[in-house]
Amino acid sequence: MTTQATTIQIKPRIMSRDAADFCLVAFVVFPAQFLVLFVLPGVIAFLLSRSWPVAVIVPAVIYFIFLAFSVWSMTLTTEGIRFHRFLGAPKFLPWSIVSSVEVAPRWELIRRGWLWPLFPAREMTASFTSLQHYRITWREGFCYYPPADAETFEQYVRTHLQTPVA
């Protein structure tokens with residue numbers, strides 16, 4: 001990557017990195033999220049309404065809300081980081097408020113990015129890997145992002161962030 005590039009789009013890594021990563025996400029994290037976010041609200045809706053259509057509509061609405069908050073890519077510019085999503089925050093982080101960008105440990109990502117809080121989650125991509133997510137920290141908070149091209153992501157961040165990537 002050259003330092004003359006002013007804008008770079010970074011897609012999220014979607015696929016698992018290995019079999020253990022796949023098994024952890026598919027058989028532990030995803031079922032926990034699915035149960036709490038979709039099954040439980042559907043059951044509660046049914047118990048309150050005694051209506052199967054309502055019990056199906058509630059999880060469907062939750063799913064579309066999650067889609068609206070999902071991040072489908074990010075753009076790195078000389079001004080900062082732009083998250084591409086319909087709803088939710090952050091949408092743009094100027095470099096001046098970003099304090100660090102670091103690789104997050106797997107268990108931190110699972111616990112603080114995916115499982116708590118469930119909504120809004122701090123990692124809102126459709127990623128199926130729990131490895132090589134970066135914790136982006138700014139004055140008011142933090143979020144996680146799994147760049148598909150980690151090397152380009154790191155090089156660009158190093159060029160524009162006062163605190164180096166750890």
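A residue is called buried when its relative accessible area is under 20%, exposed when it is over 50%, and partly exposed in between (1.4 Å probe, protein chains only). The model is predicted: local features need pLDDT of at least 70, side-chain atom pairs count only at pLDDT 80 or more, and totals for chains, interfaces and linings use all residues. Residues are numbered from 1 along each chain as its sequence is written, and side-chain values use heavy atoms, with hydrogens and water left out.

**View 1. The four-stranded sheet is open and antiparallel, in the order β1-β2-β3-β4.** Strands (E, at least two residues) and helices (H or I, at least four residues) are DSSP runs, numbered from the N terminus. Two strands pair if DSSP finds at least two bridges between them. β1 and β4 stand at the edges with a single partner strand each, so one side of each has no neighbour in the sheet. Direction ignored, neighbouring strands of this sheet are turned by 15° against each other on average. Axes here are lines fitted to C-alpha atoms, for helices over the stretch in contact, and angles run from 0 to 180 degrees between N-to-C directions. Four bridges join β2 and β3 in the antiparallel sense. Thr-75 stands opposite Arg-82 in β3.

**View 2. Arg-85 sits in the loop between β3 (80-84) and β4 (92-94).** Is Arg-85 buried or exposed? Arg-85 counts as buried because its relative accessibility is 12%. Contact means heavy atoms within 4.5 Å. Leaving aside neighbours within four places in sequence, Arg-85 is in contact with Ala-68, Phe-69, Ser-70, Val-71, Trp-72, Pro-90, Lys-91 and Met-124. A polar atom of the Arg-85 side chain lies 3.4 Å from the backbone oxygen of Ala-89. A polar contact is a pair of N or O atoms within 3.5 Å; within protein, one must be able to donate a hydrogen and the other to accept it, and residues adjacent in sequence count only if both atoms are side-chain atoms. Ala-20 is 65 residues from Arg-85 in sequence and 30 Å from Arg-85 in space, C-alpha to C-alpha.

**View 3. A salt bridge joins the side chains of Arg-106 and Asp-21 at 3.6 Å, N to O.** This pair links distant parts of the chain, with Arg-106 in helix α3 (residues 106-115) and Asp-21 in helix α1 (residues 19-49), 85 residues apart. A salt bridge is a side-chain nitrogen of Lys or Arg within 4 Å of a carboxyl oxygen of Asp or Glu. By this rule the count comes to four salt bridges. Asp-21 is buried, at 0% relative accessibility, whereas Arg-106 is partly exposed, at 23%.

**View 4. Arg-135 and Glu-108 form a salt bridge of 2.5 Å, N to O, between their side chains.** Arg-135 belongs to strand β6 (residues 134-138) and Glu-108 to helix α3, so the pair ties together parts that are 27 residues apart in sequence. Both residues, Arg-135 and Glu-108, are buried. Glu-102, Glu-108 and Arg-135 are linked in a network of salt bridges.

**View 5. The three-stranded sheet is open and antiparallel, in the order β5-β6-β7.** Its edge strands are β5 and β7 (141-145), each of which pairs on one side only. From one strand to the next, the twist averages 20°. β5 and β6 pair in the antiparallel sense over five bridges. The bridge partner of Ser-100 is Thr-137 in β6. Helix α3 lies across β6 and β7, running at about 120° to β7.

**View 6. Helix α4 lies across β5 and β6, running at about 25° to β6.** What do the buried residues of α4 pack against? They pack against β1 (7-10), β2 (73-77), β5 (98-103) and β6. Among these buried residues are Phe-153, Glu-154, Tyr-156 and Val-157. The side chains of Arg-158 and Glu-154 meet in a salt bridge of 2.9 Å, N to O. Arg-158 and Glu-154 are separated by about one helical turn because they are four residues apart in helix α4 (residues 150-160). Glu-154 is buried at 18% relative accessibility, while Arg-158 is partly exposed at 43%.
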